[in-house]
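Trainee: Please show me the structure, and let us discuss how its features are named.

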Amino acid sequence: MHSLKLPFHIHRERLPRKRIVGPSFAEDEDLKKVLKSYQSNKIRTTKYSFLSFLPKNLFEQLHRIANIYFIFLAALNFVPVVEAFQPEVSLVPIVLVLSVTAIKDVFEDFRRFHSDRLVNRQLCDLYSSAQKDYVDCCWKDVRVGDFVRLSCNEIIPADMVLLYSSDPRGVCYIETANLDGETNLKQRQVVSDLPLQDSQFSPENFHSRIECENPNNDLNRFRGFIEHASGVRVGLHSSNVLLRSCTIRNTETVIGIVVYAGHETKAMMNNSGPRYKRSLLERRLNRDILWCVALLIVMCLIAAVGHGLWLKNLKDPIFQVDGEMSPALAAFYVFWTMIIVLQVLIPISLYVSIEIVKLGQIYFIHNDLDMYNEEQDSRIQCRALNITEDLGQIQYVFSDKTGTLTENKMVFRRCSIFGVEYPHEENARRLAVYEEDPNRGASRTVTLKSACSRKSLTCRSLSCNRSSVSLHTLTAESGEEDQLSSHPQAKTAAFCSPMAKDVVPDPALEKKLNSLCSSLLHLSDGLFKTTSNLELTYITDFFLALTICNTVVVSSPGQPRHVMREARTPLKSLEEIKVMFQRLSFSPFTTMSTPQMKSSPRSFTSRLFIRGKSGSLTFPTPTNNSPSCPNPEPESYEETSSLKVELNMSAGRGDPIWADQDSKEALKEAQISSDRFKGSMEDQDEDGSSGEDSEDELLYEAESPDEAALVHAARAYHCTLRARSPENLLVELPGIGSLPVRLLHVLPFDSNRKRMSVVVRHPLTGELVVYTKGADSVIMDLAERPKGAEHAQELYSHIREQTQKHLDAYAREGLRTLCIAKKVLEEEEYDVWMKRQLLAESSIENREELLLESAQRLETNLTLLGSTGIVDRLQEEVPETIEALQRAGIKVWVLTGDKQETAINIANACKLLRSSDQLLTANCDNKDACAALLNELIVEVQCGQEGVSEQREDPSSGSTGFILAIDGRTLDWALQEDLRSSFLELSRKCKAVLCCRSTPLQKSKVVQLVRDHLRVMTLAVGDGANDVSMIQVADVGIGISGQEGMQAVMSSDFAIPRFHHLRKLLLVHGHWCYHRLANMILYFFYKNVMYVNLLFWYQFFCGFSGSVMINSWVLILFNLLFTSVPPLIYGVLDQDTAADALEEHPELYQAARSSKVYVPSIFWITILDAFYQSCICFFIPYFALAGSDVDGLSFGSPINTSALFIILLHQVIESHTLTWIHALVLFLSAASYFAFVLLFSTFCIVCSHPTNLLGVEPRQLSTPLFYVICAVTTVTALIPRIFFRSLFNTVHPSALLTKDQRQEAASESYRRRMQRWNQNHARTGLPVCADNPGLVPGQEEVLS
Amino acid sequence: MGKEKSKSGPLARRPDNSAFKQQRLPAWTPMLTASTVLPSFYLLALICMLLGVWLLLTVQNTQEMKVDYTEAGSCNLCFEMRKNVSNAGQKCTCMIMFSIEKAFKGDVFIYYGLRNFHQNLRRYMDSRDDGQMLGRKSNLKSPSSYCKPFDVDEKGVPIAPCGAVANSMFNDSFILTYYTINGPTVVPLLRKGLTWYTDKNVKYRNPKMDNLTLPEVFEGTTRPPYWQKPVYQLDPFDPNNNGFINDDLLVWMREAAFPNFKKLYGFLYRANKPFTKGLPAGNYSVAISYNFPVQYFKGRKEVVLTTVSWFGGQNHFLPIAYLVTSGLILLTAVVLTVVWWKFGKDGKNMAD
């Protein structure tokens, strides 16, 4: 916000990788050349161009080993001596596979191309030096060094340095929702010290040169400086930069110079494609494919040796075509021929099939109504396309707490000020009522609706046609981002939920705040009590801090996102008051007043200041001096009296309300007065835009929801944040009215400091005050004991103790705690600090570190004001979900940054921790203690487990389990190399682990440790930026698309709206996906082995010569066409157990995981069965036809037909559900086979040498023998499988089966219910809860 | 997906509540348990049994007679003679006597059988040119390279029909004689209609005649090296049965699936007595023009006489296969019944 002209020395070497930018129309030839070398703004996210598609796509596809194998086979077939089929036949598979993939790629690429074109053709105003004006120009023609003019609600075409804003303060607002999903407005600042700021900015006059770092993908960092013609340099940082694809808001016109364009913009550099992960199943699959390769080689070797031996026994027979060839050489050739003939054994199409199946699975996951959240209008997003089946194998779930288990909808619950607790009973009751409201779902939707409509209304009223370009056109990402772009709506609505807004004030606190006024009266009577007065100052400061120590953006629905201009403060009077204050600056109460007051003798005069200011404000608007409790810091009798005098002097009237002790009336009056004040403001305001908002129509948009909650809480006490501008805040205080507060600095929140601070000029005292708000641990450490009078010290430590006590109590209650502290700065102290801060701000290297250091320097010696407790309610169905996951044998760990008490409480609330469980806490101060503790705990757990060993077999029975709660510091040691194993041993024995106070790095380390050392499948779920590393490390990363930004979602594999969706995602979809895919893969292997063996058996009758009895086209297409679709359908649609049953009996998940569908034994059984079936399928026709006059192809015909039936019916046996889709596909598969062979044998006269089918099939189909053979073959081949399956199912009348049967009826009724609901819905069109007809909302009680 | 975009309002992204998208299509769940499977097992066993019995009865009514003449009787001389390649041009005839105990009723098929002759070798099967035999002039003069080494002779004259298959054509001929009380009667054979309709009319054709005679059409080509006659003189009696549509050639060109096979030689002509009802019982002889050498591949040659049923020639395997399958199914069904009796009867599986 503050930039300072710094006379930098020329330090070019400090920017080793830099780029220089100047006006593109400059005469400087060098510069022009440099500018030309930068990328233009045209984006091309397509992989291929029209010409390069074929070579490039082929090249990419050839990276796959499977394709190379295929091509190798095709090439092999062109060698005459080993050729098995006609050359073109062997090209079919590879061409088919390559073209299917290529078509998929073309389709994807075309979509990218289309969106690129849309983006590239967007228009913006570009300065043309030829026409000396701004002209319309496509985005793609924008180049580095160009000047671009943008209006409100336009999307920024490239990364630009902001040079001009129509806003007189030189700021502009942007919305970065397209970039990171955050909807709050962010301020950007014109480069300071531009000489042309005031007048209309003209690019012609811009002769400065910008140096900045090379393009990178760090959204929050921009380093560089601008060098004016005069040689003066000004530092540039991220607040001077407008990033591509953000939207300009609330600012009429801005002009900037492009520094990064096109693919070099930060938005584009952050735009990485979808994630590729390899699933566990795929890894196992590769192993089995190797087995298939081994099998293939063995079979080919057998054929080769057989052929060699067979040839040896012959002596130049008449049918021997090339008799002179030695048997060994012939055997060698046969080996390769056989590889071509038996190539189908390697299921090449399997890879393509798996991809297709996963797409289908994802389609259904994506469309699941149960995974849809109405409130946010969002459904699950599947970002990783290839790990669906891993969802069915999860063993460990690592969950974040805030926003994941809880709603991250912060509601102010209670607070403690001056060591006094205000329980806010009424507030608690209200929250409870809200939770128990049976129509919660409905009421929520209504709020959502109203919020939305309000929004749309405001959009209209703004009449800024909001650009219709959504994000996916900007970042060229498809589908899922759509959701992001509309997400803001829901998000804003969530912040405006009535629950968060309406805080019922605590009567005691309200009374105290009101007694402020009354005490003033007493003051005049001399009945002033120091402590209570001190308390009042605390309270006032506390609320002031709540109001201003934040980065909340205020807007009113009438003018959404339009920051109101602050009232013009009559600065003149300020000066007057200062003078006045000099006169009165003495106080006998100095030592008695708040410690920080002690250091500031001027604080005294603040009373005067207040009076004077409000008076001077009220002078033009007489309504304003009606405040009933004007003095929040009535510390000294003298002051107040003088104030009173002052007030009377300036206002010229004795206020009757002044004496009124009825607080209610006073409050009412205050409200009226503030309203009137508003009215008067309207006249004053230049825009006239800020006036119309009434009390209830302020919208607060905060980066984090607890900020908003605190501002709302303060507002309930009539400390209202009215407006915000970069340098001023308009605050309304009870009884005083609106006051402008000069905002000098904001030290934003960061996770290292765990706090944020603002430096303001106190509106009442005129002092420089630092308000700090942050995590209790940090603030408590920073809050120092004041030096000075003993009783003040005593008082202070008492406050501290009490506050700590309250904090602990809050934590136990599961509240989020924050501490509020204050510090009064000396002017000199501030000046010193200011200098270094500016230096830090303007530095290019190490800016972040310097800023951090600077902030830490300021945030010391704080005075603790109080603490707040914010409720973050559990999301719906969290306990049920956790219980279900645990019953499914999944270990749930909670990794949170919160305090141990809070974490334990939440664990209690979400039933992770039951009353029967034993809690182990690990908090150590050093490593040795940690090691000892871990060992001790292990022993303890072992002892405990022995006692209940018989119960432990069923972990879900609610028997005693151990829960480990470990704090961040201990975790640090536990994660170290030497303690790792004992930590793992301990945690493995525990039912659940809570890691408290953990940093993002620790979270990811924990996940990594468990994943790598226990060799288990891990899942991490989180919602915030701090969970990103954990999400990325885990095998499956899940983001909650909730309240906090989009970082977690962006790095996740799946994004779900609510935590409880995890239940269905894992238990149902994970289970299904795994089952389906595993069974499909097994089926694929079975199918190929079975079919290929038919050819192998034939070799024993044809001298191992590699000839086939099936037409080569049929042979190749059999796997690729005739039997390829049923497994896909099977892989997408099969349901081994009904969804309801899976959800109701999570144990099935564990059973499925431990029984493991896809394990070596099952694989080999499948292969054996395939061998058996192929034997039957070959030898029955063989014996039936041996010795007859049958020709090769007529022999192959019944074999092929029965193989087809066997394979298709095998699928039917294996399927657990058969719908009309299955039936249709099976029928079409069989039909396509017969259609093909019939057509082929009718019309193909000379083709397919030497296996010409002409006349074979019609003849076969007309002979009874054919049917007699096929029937007996098919039946005999399938009998064993049916037999063993029914035998197994009978002997194990599994729970699974009976549940299935029970659930079938239930699911049927569910379906009917859904249909009925659909009809109702169609009639009424009411947006009611759709995903659960007859929904009874989960009533989790967080608060004890 | 496209439809969704048109939707708007607060629930714009709500997935369609259709049975398909929610995976709630009505489905049949094939649960294989004893109780569900047993009825069909018993039924299947019964069906297989009945079919097997029926087939067995049918097979009982068919008759087959195989006469191996490789080295039998006077053919021994010919066998020895054919061992020497240099004697290939010499004629050799021999005669075999056999008797039929029981009359062959109905149509009688006469086959020649070969054992251990691999017509199903890959290289052998490849060695033919269907285009040439379809009568394509271009292929006639320049046979496909698949025919190598039987595409052209030493002088480079193209061979018609080319390739190893045609070259190795079986060229023995038979004359069956029935010895009645009245003396020997030659059994009349029909040597036409041996081939598939498609082979004779679609797949194989002579080159276009264009008012030329067959020998003129085939001018510029030579016979396959092992042949004694050119292709246009295969049938000396019927000029229309010559060239690429000669029945014997066509039968040979349809490569057998197995090394032991038989190929149709002719039918019994049943117009005149005593053959109107088939072959009567009695003594027969077959006179063989012994040309085809088999000793190189240790092969055997035979003449096969057979009658056919509705599902082909005499075939004992299929009825047995059906009966065995039926027995197996019955066995499994019994096992399942026992198991079901012991485990599955407790009502859980009986629910529906």
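Mentor: Helices α7 (280-312) and α8 (327-341) of chain A and helix α4 (122-126) of chain B each supply at least two residues of the lining of the second largest cavity. The model is predicted, so local features need pLDDT of at least 70, side-chain atom pairs count only at pLDDT 80 or more, and totals for chains, interfaces and linings use all residues. Residues are numbered from 1 along each chain as its sequence is written, chains are lettered from A in the order in which they are written, and side-chain values use heavy atoms, with hydrogens and water left out.

Trainee: What makes a space a cavity, and which residues are closest to the centre of the second largest cavity?

Mentor: On a 1 Å grid over the protein atoms alone, a cavity is a set of points where a 1.4 Å probe fits but cannot get out, and lining residues have an atom within 4 Å of a point. The second largest cavity has a volume of about 190 Å³. Of its 15 lining residues, the closest to the centre are His307(A), Asp322(A), Ala330(A), Arg122(B) and Arg123(B).

Trainee: Why are α36(A) and α37(A) called roughly antiparallel?

Mentor: Their axes, lines fitted to C-alpha atoms over the stretch in contact, cross at roughly 170° and come within 11 Å. Angles run from 0 to 180 degrees between N-to-C directions, and those over 145 count as roughly antiparallel; the two helices are therefore roughly antiparallel to each other.

Trainee: Which residues meet there?

Mentor: With contact meaning heavy atoms within 4.5 Å, Lys1087(A), Asn1088(A), Tyr1091(A) and Leu1095(A) in α36(A) meet Val1114(A), Leu1115(A), Phe1118(A) and Asn1119(A) in α37(A).

Notes: Helix = DSSP H or I, 4+ residues; strand = E, 2+ residues; numbered from the N terminus. Parallel < 35°, antiparallel > 145°, perpendicular 65-115°, else oblique. 1 Å grid on protein atoms, 1.4 Å probe; cavity = no way out; pocket = protein on both sides within 12 Å on 5 of 7 lines; lining within 4 Å. Points joined across faces, edges and corners; volume = space filled by probe spheres on them.
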